[in-house]
Amino acid sequence: MTVSRRDALKKLAAVPALIEVGSSRLQAGDPRLQAGDPTLVALAEVVLPAESDRKAALAAFAAWIANYKEGADTDHGYGVTRVRATGPSPARTYPAQIAALDAAARGAGAASFAAAPLDRRRAIVEAAVADAKIERLPARPTGGHIATDLMGHYFNSSAANDLCYRAAINRDACRGLAGSENPPGPRTSDFGPRR
Amino acid sequence: MIFESDVCIIGGGVSAAMLAEKLSELKPGLAVTIVEAGSRIFDVENRARYRERSLEYGENAWPGDFIDDQAGAGVISRTMAVGGSALHWGGVTNRFSEEDLTLKSRYGLAVDWPIAWADLERHYCEAERRLGVSGEPGPLPEDRRSEPYPMAPMPLSYNLRVLKEWADKSGIPFQGTPQAKNTRPYGGRAACMRCNTCEICPTGARYSPDFTYKDLLAAGKITLHDQTLVRRLVKSPNGRRIESAQAVSRARNGEAVEYRAKTFVLASGYAWSPHLLLLSEAANSSGLVGRYMNGHAFIGAQIELDAKLYPGMNEQHSLISRKYFRCAPGGPFVRHDLRVWESSAGRDPRLKDAAGTLLLGDALLADWRARTARGAARVRAYYDVHPSVESALTLDPARKNRWGDPLPSIRHVLDEATVARKPSTREHILAVFNQLAKANDGRVLNVNEGGYLDHPAGGCRMGTDPKTSVCDSYGRTHDHENLFVVGSPTLPTAGCTNGTLTFVAVTLRSAARIADP
């Protein structure tokens with residue numbers, strides 16, 4: 001009997017999202033994926049724009065990770081004939097990546113990544129992305145590296161689109177037809193609720 | 001189990017929905033059974049959540065809308081559910097033009113359809129009423145209509161207004177595309193909320209056939225058997241009639257089900273209708289079942305222009321020009337539609353700049369803003385291509401479903417005339433793109449050509465001669481007096497614009513004959 005990759009992923013999804021990474025255990029709700037975690041906050045200062053609402057961006061990223069479902073069928077819309085399932089949670093790779101950021105910071109004389117000066121953190125992230133051989137911003141988190149996953153999650157969001165165009169386009173919101181003919185108003189804040 | 005009805009419709013997509021609705025009006029009390037291999041996904045209350053999951057995680061916005069082992073090679077949609085591909089269609093409802101029906105007599109190409117334009121136009125109006133189409137009359141006299149659109153057009157977003165001003169400068173007339181989307185409450189469904197995700201419309205403003213099925217079921221006008229795969233049609237001893245359809249219930253572990261009916265209608269789309277006929281060795285005295293598989297080819301481009309745009313306002317809506325639906329007899333043959341969308345494709349945020357430097361935080365944002373300071377439009381032309389008889393759906397003995405039935409394999413082959421004019425067609429379309437670009441100090445950033453035929457159709461083409469066609473203009477097969485094929489498989493050629501409205505119009509035209517065979 002053969003087992004397709006899709007079936008295998010579905011079976012994998014039945015296993016609790018709990019793995020051993022060295023001495024650390026990761027599952028949904030892991031403290032290091034809380035939006036206020038110092039390492040994540042320090043990472044956001046490096047990879048997200050100063051104009052963005054980093055706190056909101058981190059909260060949205062943490063919520064995304066917490067609500068990720070392994071083995072879910074993905075879109076197979078018009079022109080896409082292969083049915084695929086979502087893979088393992090990207091967060092499975094994060095503990096080791098965060099540990100490596102901390103180790104690199106300690107190697108550079110800081111107590112931790114969060115305690116390192118901004119320039120040093122930037123250099124550490126640049127080296128980590130290079131080591132991970134990541135060339136493109138992911139459309140969604142993939143586990144390639146938490147730094148680029150956080151960037152991909154934010155920069156592909158409706159909030160980042162508004163930031164880029166300096167306008168409240170609200171791409172992913174249901175807005176009604178009234179006023180469609182007018183240019184969007186000025187941007188107000190990141191990550192407002194979807195209507 | 002054995003079920004009997006007056007009309008047994010095999011396939012539960014948009015054509016079947018429209019046909020069943022009209023049959024129930026033409027002949028109240030007619031016993032109509034619809035048999036669909038896929039499941040019914042009627043939980044409209046969950047669509048907002050499905051939309052969220054689709055946006056956030058790329059999850060299937062129509063959970064369960066496919067069958068694992070029911071997939072063919074060259075079939076471009078996996079969707080197999082009550083509602084079919086029209087569950088997640090874009091709702092674009094362009095009409096073909098009179099030229100599509102008269103290619104042979106006007107240009108000496110392909111074949112003429114056995115339908116007069118005025119007849120089809122009447123059924124276009126009916127299809128627009130039933131689907132609920134919003135639109136505006138076109139600027140060209142050739143596109144005159146006998147009835148107004150049922151609803152006012154979708155307002156052009158700010159972006160499309162800017163793009164229309166830009167496009168109009170080129171001298172090519174544009175209008176908003178007509179769409180099966182409500183601009184006011186219509187058909188028991190809400191007005192569009194501009195959610196920008198028409199493939200999963202959370203409000204039901206974009207038509208999908210599940211609404212029709214639910215209404216018909218609630219009124220007791222149809223019987224719907226979903227999760228039931230028809231495997232064979234059984235002919236009468238003399239071969240002139242279809243006596244039954246042999247099926248298996250997927251919901252009941254493959255239990256055998258037999259359908260008996262006075263009339264059978266195949267409404268399973270371009271892939272599964274000819275597939276069932278080939279499996280059944282039915283309707284094929286011409287040898288043309290599964291032949292003349294068609295669709296239209298396409299070329300697209302990204303054009304940068306001197307305008308401030310805000311991508312994300314309503315990416316699903318577009319402009320269309322029908323200017324090139326016509327070409328003068330005697331001149332070079334090239335027919336295509338021309339569409340314009342707001343677009344950010346190719347200008348998305350990027351991790352590395354052109355020199356390969358990693359961009360983080362503010363640097364990435366600055367790079368993104370610099371690359372999007374000017375606006376961009378996506379343009380595309382669907383162009384008219386014609387199939388060869390070798391353009392075929394065949395049974396693939398190497399790939400079978402769990403019941404042991406070979407699955408379909410589609411290989412599109414264009415006729416010699418189409419292949420010969422391809423370079424000049426391409427040259428013409430690129431010249432049109434450049435004309436658009438130059439109209440506002442723009443430039444073509446990139447060009448892409450489709451590797452497949454879109455809006456596929458054919459496989460049971462209609463015609464008057466039983467030697468060169470599978471069915472007549474009403475879809476009645478030449479070989480079996482009580483077997484009809486409706487919708488996309490019957491089209492001899494696929495035009496140069498979206499096909500769904502035409503599939504529905506030809507189906508509605510067949511309804512009276514099916515009601516009173």
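The structure is a predicted model, in which local features need pLDDT of at least 70 and side-chain atom pairs count only at pLDDT 80 or more, while totals for chains, interfaces and linings use all residues. Residues are numbered from 1 along each chain as its sequence is written, chains are lettered from A in the order in which they are written, and side-chain values use heavy atoms, with hydrogens and water left out.

We may begin with chain A, which has 7 helices and 2 strands (DSSP runs, H or I of at least four residues for helices and E of at least two for strands, numbered from the N terminus). Its elements follow the order α-β-β-α-α-α-α-α-α from the N terminus on. Of the 195 residues in chain A, 48% are buried, that is, under 20% relative accessible area with a 1.4 Å probe and protein chains only. Among the contacts in chain A (heavy atoms within 4.5 Å) with a separation of 6 or more, 52% link residues 24 or more positions apart.

Turning to the interface, 60 residues of chain A are in contact with 57 residues of chain B. The two chains bury about 5,100 Å² between them, with 57% given by carbon and sulfur atoms; this area is the accessible area (1.4 Å probe) lost on putting the two parts together, summed over both. The interface has 2 salt bridges, each a side-chain nitrogen of Lys or Arg within 4 Å of a carboxyl oxygen of Asp or Glu. B:R369 forms a salt bridge with A:E51, with 2.8 Å between the closest N and O atoms.

Within chain B, helix 7 (residues 209-218) has the buried residues B:P209, B:D210, B:F211, B:T212, B:Y213 and B:L216. Their cover includes helix 1 (14-26), strand 2 (32-35) and helix 2 (47-57) of chain B. Just after helix 7, B:G220 takes a positive phi of about 70°.

Finally, there are 5 cavities of 30 Å³ or more. A cavity is a set of points, on a 1 Å grid over the protein atoms alone, where a 1.4 Å probe fits but cannot get out, and its lining residues have an atom within 4 Å of a point. Points are joined across faces, edges and corners, and the volume is the space filled by probe spheres set on them. The largest cavity has a volume of about 170 Å³. It is lined by 16 residues, of which B:R95, B:D143, B:R145, B:Y149 and B:R322 are the closest to its centre.

Note on methods: 1 Å grid on protein atoms, 1.4 Å probe; cavity = no way out; pocket = protein on both sides within 12 Å on 5 of 7 lines; lining within 4 Å. Buried < 20%, exposed > 50% of the residue type's maximum accessible area, 1.4 Å probe, protein only.
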